[in-house]
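Hi everyone, thanks for coming.

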Amino acid sequence: RSPSPLAALSQVLRLERSRRTGVVFPLQRLERYLAPGVDTARFRLFQPGLAALQRAEALFRSSRDHAIDYVSSAVRMDHAPPPALPEVCFIGRSNVGKSSLIRALFSLSPEVEVRVSKTPGHTKKMNFFKVGKYFTLVDMPGYGYRAPQDFVEMVEAYLQERHNLKRTFLLVDGVVGLQKTDHIAVEMLEEFGIPYVMVLTKIDRASRGLLLKNVLEIQEFVKEKTQGCFPQLFLVSSLEFSGVHLLRCFVAHVTGNLPAVEAS
């Protein structure tokens, strides 16, 4: 499996400027289409420089002394690997493109096997991936359609007991926006006081007008209705690689692996 031509930052840097911005900072690319006077501060809260993006990319690139491995799967917390490293987890509806995004994040290490199924709801277990000695990334079962029967017990136990969990990435379909099942996930994260961030997937499938509408509605929801959600949304396309470099950087940042980045 060969990585996408834009999987590496060095390739993105060869693009002309506006295209480059669209790949690395897809949210900022939408700014010019906003009505005058719309507050764009939340579009730029996490805006790392080139050095930080490169450092983050190095973490996602395996080498002889930096192995990136699928560690194990678990259906219960007592089957989970020991919580030795900082951890991030990815949750979302069954067909939101979660495994595809994780595969895009790891695309510079093609030996890492992230199973992507044509059948929604294929992820039935918590899948743990160890990124060298730096952090662990967890692919959680999808909720909603075809969710595993014991999904709630599994996920609630994980969120409440996993003390090394640094951030939860809640994936939302960029085409359809927040759904009823997403609201349930938000309520659970808020109730447990878990810090999380919303990631809009499949942005290549949404027209610009629809994407802008969904972004503004979700941003307003985050501002008015949430306590634990990072105020900036992250937009990604696993197909075109938009937002993947920035997301790698945010993962590196929240797991304590970037010394200083211009964001909290």
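The largest cavity holds about 70 Å³ of space. What we're looking at is a predicted model, where local features need pLDDT of at least 70 and side-chain atom pairs count only at pLDDT 80 or more, while totals for chains, interfaces and linings use all residues. Residues are numbered from 1 along each chain as its sequence is written, and side-chain values use heavy atoms, leaving out hydrogens and water.

How do we find such a space? Rolling a probe the size of a water molecule over the atoms shows where empty space is left. Here a cavity is a set of points on a 1 Å grid, over the protein atoms alone, where a 1.4 Å probe fits but cannot get out; lining residues have an atom within 4 Å of a point. The volume is the space filled by probe spheres set on the points. Searching the whole structure gives one cavity of 30 Å³ or more.

Among the residues lining the largest cavity are Phe25, Phe43, Phe46 and Phe234. Helix H3 (26–29) and strand E7 (234–235) are the elements giving two or more residues to that lining, and H3 gives the most, with three. Helices (at least four residues) and strands (at least two) are DSSP runs numbered from the N terminus. By class, the lining has nine nonpolar, three polar and no charged residues. Ala, Val, Leu, Ile, Met, Phe, Trp, Tyr, Cys and Pro count as nonpolar, Asp, Glu, Lys and Arg as charged, and the others, Gly among them, as polar.

Now to the helices. Two packed helices are described by the angle between their axes and the distance between the axes. Axes are lines fitted to C-alpha atoms, over the stretch in contact, and angles run from 0 to 180 degrees between N-to-C directions.

Helix H4 (residues 50–59) packs against helix H9 at about 80 degrees, with axes 8 Å apart. H4 and H9 are therefore roughly perpendicular (65 to 115 degrees). Contact means heavy atoms within 4.5 Å, and among the residues making this one are Leu53 and Ala56 of H4 and Leu246 and Cys249 of H9.

What does H9 (residues 244–254) do with helix H5 (residues 98–105)? Their axes come within 10 Å and cross at roughly 80 degrees. Leu101, Ala104 and Leu105 in H5 meet Val244, Leu247 and Arg248 in H9.

Last, helices H6 (residues 151–161) and H7 (residues 180–192) pack at about 30 degrees, their axes 10 Å apart. That makes H6 roughly parallel to H7 (under 35 degrees).

Methods. Angles under 35 degrees count as roughly parallel, over 145 as roughly antiparallel, 65 to 115 as roughly perpendicular and the rest as oblique. On a 1 Å grid over the protein atoms alone, a cavity is a set of points where a 1.4 Å probe fits but cannot get out, and a pocket is an open set with protein on both sides within 12 Å along at least five of seven lines; lining residues have an atom within 4 Å of a point.
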